[in-house]
Amino acid sequence: MAIIPVPKPSRKSMDPGRDVNCLLRAQVEHLQHAERRLPLRYRSSIYIHAIRTEGEAAQYIREVTEAIHKAHADAIGERKKRARAAKGLVRPKAKVKKSGRGK
Amino acid sequence: MSKGLEGLKHIVVLMMENRSFDHMLGSLKAVDGRIDGITDQMDNLDNTGASVKPQLLADFQGQLDPDPNHHFQAVDVQIFNGDTSASRQPNMKGFVKSYYNLRRDTAHSQKIMYCFKQKDLPVLTTLALEYAVFNRWFSSIPGPTICNRAFAHYGTSFGRVDMNPFDIIEPFKSIYSRLIEATPKRTAKVYYYDTTSSTMEVVNLLQNQPELFGTYKQFLQDCDKGSLPDYSFVEPNFNDHETDEGEELASDQHPDHDVQAGERLIAEVYMRIKRNPNLWPSTALLVLYDEHGGIFDHVPPPPCSPDHFTAPANATGTGMEFKFDRLGVRVPAVLVSPWIPKNTVVDRVFDHASIPATVTKFFQLGDLPRSPRELNADVFIEPNVTPLDPQRNLLSLDAMRSDCPEFGV
């Protein structure tokens, strides 16, 4: 079967200055809802009520999405650190016991 | 038994944005009379009383600005033409009226009836003619995006008909949680385009289970490596943005984003699966749209069994409560697999609750609590169990097709 060509969109289609549509507006609001639950150090400094364009919305969307991932990744890192530390507490005890036997 | 179902390992859903069946696929009626598209007998009246028929004049961008209203109240007008009486019947005569309300411009309001020519959408129309096209796939709610997408993820919108954040209400769970908590454990992923496009499922999935998410680039890599999860949900790019690699054009086809960018996305997803000879026979791809976006369609949404929830009158904006007992406007939906006979047309009724219903049944996730709407939703892939009803199985071929189309992307 012959390969069916798929036309490329016009280069003029790209417009980050386009007014934000109702879907992106809702997405920004959902992200703000999530952002409010993040610890302060992960929060964006962007004021969402001043967002007017797709490009501005895109910047906020990226910042908060990455912050959510980072907050979870950091929490996992902390959990692992605590687990390692807990294991570290067990080891010295075992060593003490072992050295005790030697005496 | 069905060879297609026996070998099926992956279900991929690509959900686009805001286009109606007639707008995208209505032209195919002229190619195949079984496809329930547009005819000269259909019309809406404009504000002068003139008849406006669907016409093959849709353009890729620039016609549907402002964005047609598709909130619950406006869709109610589109379906019932403003009739709020107890005896009203859906007649699909209020699309021009609803669009006129936005700009008070008679000529502009008529564009809501425009449909694409077959040749303008080579990807979607080819897939529809080559595989299985659904004549009766409706959005789940006569309303906007977020609550309709919720039906694809949860089988319910938990009583919501709007765009606001919502909470999952126990005992219902997302299809992703059902899969990863199953015994034996299954795999699932939501692939958003990138972090700058992100997802429309922020408040529940991204916020609480970010590990469920991957990027579109990862989806492409997973296709190449043959490491797709059992179930993948792919989201398009929702906004125009710049990245280190250049410009990224919105590919969701939401008005007024370029429809051709979405065509390329659909072609790329299809070709990436097809190019992996191990993945192609073992994957079914469903391409569909979340809702009609306020754009004309001629098929009245049918009534359905009500959900567990009710939206109050102040939430619907119509002065009437909504028991989730009617489907939303019809959307394009195409199921792709090399085991589907060419030019299959499906007349059974589906909505987005059919997605979790199908995945739950196909992967045999057990007797889980599910919404009444999901329990009543039909499945588009039969469970691979005996006895199999051959009339319902779409992946019915004894041998895999070797004549499947390819796109140049």
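This is a predicted model: local features need pLDDT of at least 70, side-chain atom pairs count only at pLDDT 80 or more; totals for chains, interfaces and linings use all residues.
**Notebook: chains A and B**

I started with a strand pairing: strand E1 of chain A (residues 3-5) and E13(B) run parallel, joined by three bridges. Pairing here needs at least two bridges found by DSSP between the strands. Strands are DSSP runs of E with at least two residues, helices are runs of H or I with at least four, and both are numbered from the N terminus. Next I looked up who faces A:Ile3, and it stands opposite B:Glu406 in E13(B).

Residues are numbered from 1 along each chain as its sequence is written, with chains lettered from A and ligands numbered from 1 in the order in which they are written.

Then I checked the contact between the chains (C-beta atoms, placed from the backbone, within 7 Å). Chain A puts in 33 residues and chain B 38. On the chain B side, the elements giving two or more residues include H6 (122-130), H7 (145-154) and E13 (406-408). H11(B) gives the most, five residues.

Last, I went through chain A by itself. I found two helices and one strand, in the order β-α-α along the sequence. Of its 103 residues, 22% count as buried, meaning 20 or more other C-beta atoms, placed from the backbone, within 10 Å of the residue's own. For contacts in chain A between residues at least 6 apart in sequence, 69% join residues at least 24 apart.

Note on methods: Two residues are in contact if their C-beta atoms, placed from the backbone, lie within 7 Å. A residue is buried if 20 or more other C-beta atoms lie within 10 Å of its own, exposed if 12 or fewer, and partly exposed in between; C-beta atoms are placed from the backbone.
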